[in-house]
Amino acid sequence: MTRELVYTGFMSLDGVLDSPGGKAEGHRSGGWVMRTEFVPEAFSLKGEELADTTALMFGRRSYEAFAPIWRDSDDHAAYKDLPKFVVSSSLTDDALIDGWGPITILRSEDDVAKLKQTDGGAIYIHGSAELARRLSDADLIDRYNLLVFPVLLGAGKSLFGRSDRDEQTLRLRESATYSNGVAKLVYEVVH
């Protein structure tokens, strides 16, 4: 049995993942999650994921953004000792942040495929739009945990590529809608 690779993220209705938390990330409409009315139950998915997470995966840019903040964050304390994997062709070991548990650099999609064949539980990808798109195109993602926000952004980083590919069927595992217009969609990839 292989380890499950799960993408978890916030997405606009038109499929944009770019800059949900703020303008510092680059999108001119950055911070769109923060401008949506806060309804605690709409974010319960993030708490539920903690029980299932046995490792984290990031692309280089998301790792560099999250690691210094999450390492010292009480909200992310449960992640501190979990194994972390950063997929990057350029990141070096000396650039890894200290004090945030075991961190391994993977260099390619092939390395991710090999990791999935090891023992252990679910690996969660946070942020990392470009990495998620590459892994989706390589048919390596097993589940999508999405919170879809009622905004249209037009341009920005997308989870899914636009290149011609073989059809990939998804099965809806769980869904819910909330009073602020956010929809939770959990899809499993049918292999």
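Me: A residue is called buried when its relative accessible area is under 20%. In this predicted model, which residues of α4 are buried?

Reply: Within helix α4, the buried residues are A129, L131, A132, L135 and S136. Viewed down the helix axis, the buried residues of α4 fall within an arc of 160 degrees, so they line one face of the helix. The elements covering these residues include β1, β2, β3, α3, β5 and β6.

Me: What makes K184 count as buried or exposed?

Reply: The relative accessibility of K184 is 4%, and the cut-off for a buried residue is under 20%; K184 therefore counts as buried.

Me: What makes the pair E174 and K184 a salt bridge?

Reply: The closest N and O atoms of E174 and K184 are 2.6 Å apart. The criterion asks for a Lys or Arg side-chain nitrogen within 4 Å of a carboxyl oxygen of Asp or Glu, so the pair qualifies. E174 belongs to strand β7 and K184 to strand β8, and the pair links parts of the chain 10 residues apart. With a relative accessibility of 33%, E174 is partly exposed.

Me: Why are β4 and β7 said to stand at the edges?

Reply: The eight strands form an open sheet in the order β4-β3-β2-β5-β1-β6-β8-β7, with mixed pairing. β4 (103-106) and β7 (170-177) each have a single partner strand, so one side of each has no neighbour in the sheet.

Me: What makes β1 and β5 paired strands?

Reply: Strands count as paired if DSSP finds at least two bridges between them. Four bridges join β1 (residues 5-12) to β5 (residues 122-126), so these strands meet the condition. They run parallel, and Y7 stands opposite I125 in β5. β1 also pairs with β6 in the parallel sense, over seven bridges.

Me: Why is β6 called largely enclosed?

Reply: Seven of its seven residues are buried, so β6 is largely enclosed by the rest of the structure. Both faces are covered: on one side R143, N145, L147 and F149 are buried, and on the other Y144, L146 and V148.

Me: Which residues have the most contacts inside the largest nonpolar core?

Reply: They are L5, Y7, M57, V112, I125, L135 and I141, in a core of 24 residues. At least two residues of this core come from each of β1, β2, β3, α3 (109-116), β5, α4 and β6. Helix α4 supplies the largest share, four residues. Beyond its neighbours within four places in sequence, V112 is in contact with L5, M57, V87, L106, L135 and L140.

Notes:
Residues are numbered from 1 along each chain as its sequence is written. This is a predicted model: local features need pLDDT of at least 70, side-chain atom pairs count only at pLDDT 80 or more; totals for chains, interfaces and linings use all residues. Side-chain values use heavy atoms; hydrogens and water are left out. Buried means under 20% relative accessible area, exposed over 50%, partly exposed in between (1.4 Å probe, protein chains only). A nonpolar core is a set of buried Ala, Val, Leu, Ile, Met, Phe, Trp, Tyr and Cys residues joined through side-chain atoms within 4.5 Å. Contact means heavy atoms within 4.5 Å. The arc is that of the directions from the helix axis to the C-beta atoms.
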